[in-house]
Amino acid sequence: MRFTSIQTAQFRNLANSTIPVGRRQVLLVGENGQGKTNFLEALYVLCYGSSFRTQDFHDLVRIGETSFKLRGVFTDEQNLSHEISLLFKQGKRTIQIDGKTLTDRKQLIYTIPCIVFSHADITFVNGDPEDRRRFFDQTMSMYDSMFLDNLRRYKMLVKQRNQAIKDEKYDLISLYDLQLAKYGLAIQRARNQAVDEFNKIFPSLYRQVSGSDWNVTINYAPSWKECESEDQVIQYLESGLERDKVMQTTTSGVHRDRFLVKVDGKLLVDVGSTGQIRLASLLFRVAQMRFFQQKTGRKPLILLDDVLLELDYEKRARFLTVIDAYDQAFYTFLPEEQYFDTLQGHDAMVYHVKEGELKLHEEA
């Protein structure tokens, strides 16, 4: 699975053009602010119908314009060619695959699996609990459509229950609790299993790339940790209702779960240096790649946005040896960065990016 060409029109600062990208590795080289990350963002939008940088699609429209369009041609595992397009106009996004309009974005996310490495990933370690929940939910949603459906239903139920509390419609609470218990417990069980499997991948990755003997693991701490049945969850929710009324929100549930990154029982954020925390956040993504491949037998497309610059030479070299589980990779670099031989093989191409224009430099 890889893109062979990307067409952009009125997207961010990128020139209106069609860019061939049919190699396994595509390197984007340029100074900051020239459009490298914008091009990665365009790829991500085609894969997910959303951005990894903003929730407001109006931010993606070139200044002075009112709409944008992206089009990508890609080949699937059978080497058959397909076309995907996304039009954002008058506040509405329209997504098509091979000319057929999608009615649910879920239909898109299983078409081209994509993983992005960015500076914001450091929040997986030192950020709020919500950041780690989002990471694991995304990881599981990439291969498990039932988990994604349960998560969607659960979030909607929490929203409805919170509104009922605010409106003092307490007679509805028991109905919401019944459904929250069903979907929430399913999510909790799936998360628990996923963390167990993730911990079979992540610790050895960290030791291999860091060169240390630290045993970095993920601990899952569910909000309903004492509950194993739906009846127990319902009783737990009922016992906390008075607190929920005071707080005007649902104070327990899988939306309050925590994922803790630990080293021998201590939080990595408390004992690790900035470099160690940064490396762990990058390896979260590598583990996500391997986890996805183990679950599906497929390899994702990956986007690496200036993240290698923060690693020293030895760690960077070791890091590049462990990110092999991909079908296609897009890297961004500053001009002064040194390329590695592993990125300049026969299946690579290099673009120079300046003021939104991509110019092919060389094909090895």
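I began with strand S1 (2–9), which is joined to strand S4 (67–75) by seven bridges and runs antiparallel to S4. I am working on a predicted model, in which local features need pLDDT of at least 70, side-chain atom pairs count only at pLDDT 80 or more, and totals for chains, interfaces and linings use all residues. Residues are numbered from 1 along each chain as its sequence is written, and side-chain values use heavy atoms, with hydrogens and water left out.

My terms are these. Helices (H or I, at least four residues) and strands (E, at least two) are DSSP runs, numbered from the N terminus. Two strands pair if DSSP finds at least two bridges between them.

I then traced the whole sheet. It is open, has six strands in the order S2-S1-S4-S5-S6-S7, and its pairing is antiparallel. Which strands are at its edges? They are S2 (17–20) and S7 (100–101), and each pairs on one side only.

Next I checked S5 (residues 81–89) and S6 (residues 92–97), which pair in the antiparallel sense over six bridges. Phenylalanine 88 stands opposite arginine 93 in S6. Helix H1 packs on this sheet and touches S1, S2, S4 and S5. The direction of H1 makes about 110° with that of S1. Axes are lines fitted to C-alpha atoms, for helices over the stretch in contact, and angles run from 0 to 180 degrees between N-to-C directions. Contact means heavy atoms within 4.5 Å.

**Three-stranded sheet**

I found an open sheet of three strands, ordered S9-S10-S11, with antiparallel pairing. S9 (216–221) and S11 (266–267) stand at the edges with a single partner strand each, so one side of each has no neighbour in the sheet. Six bridges join S9 to S10 (residues 258–263). I noted that asparagine 219 has leucine 260 in S10 as its bridge partner. Helix H4 (residues 129–141) lies across S9 and S10, at about 95° to S10.

**Helix pairs**

I followed H4 to its contact with H5. Their axes come within 7 Å and cross at roughly 135°. H4 and H5 are therefore oblique to each other. (Angles under 35 degrees count as roughly parallel, over 145 as roughly antiparallel, 65 to 115 as roughly perpendicular and the rest as oblique.) H4 gives Asp137, Met140 and Ser141 to the contact, and H5 gives Phe147, Leu148 and Leu151. By class, I read four nonpolar, one polar and one charged. (Ala, Val, Leu, Ile, Met, Phe, Trp, Tyr, Cys and Pro count as nonpolar, Asp, Glu, Lys and Arg as charged, and the others, Gly among them, as polar.)

I also checked H7 (residues 202–210) against H12 (residues 313–322). They pack at about 140°, with axes 8 Å apart. That makes H7 oblique to H12. From H7 the contact uses Leu205, Gln208, Val209 and Ser210; from H12 it uses Lys315, Arg318, Phe319, Thr321 and Val322.

**Largest pocket**

How much space lies in the largest pocket? I read about 1,600 Å³. On a 1 Å grid over the protein atoms alone, a pocket is an open set of points where a 1.4 Å probe fits, with protein on both sides within 12 Å along at least five of seven lines; lining residues have an atom within 4 Å of a point. The volume is the space filled by probe spheres set on the points, which are joined across faces, edges and corners.

The pocket is lined by 38 residues. Gln55, Arg105, Arg134, Gln138 and Lys155 lie nearest its centre. H4 gives the largest share of the lining, eight residues. By class, I read 15 nonpolar, nine polar and 14 charged residues in the lining.
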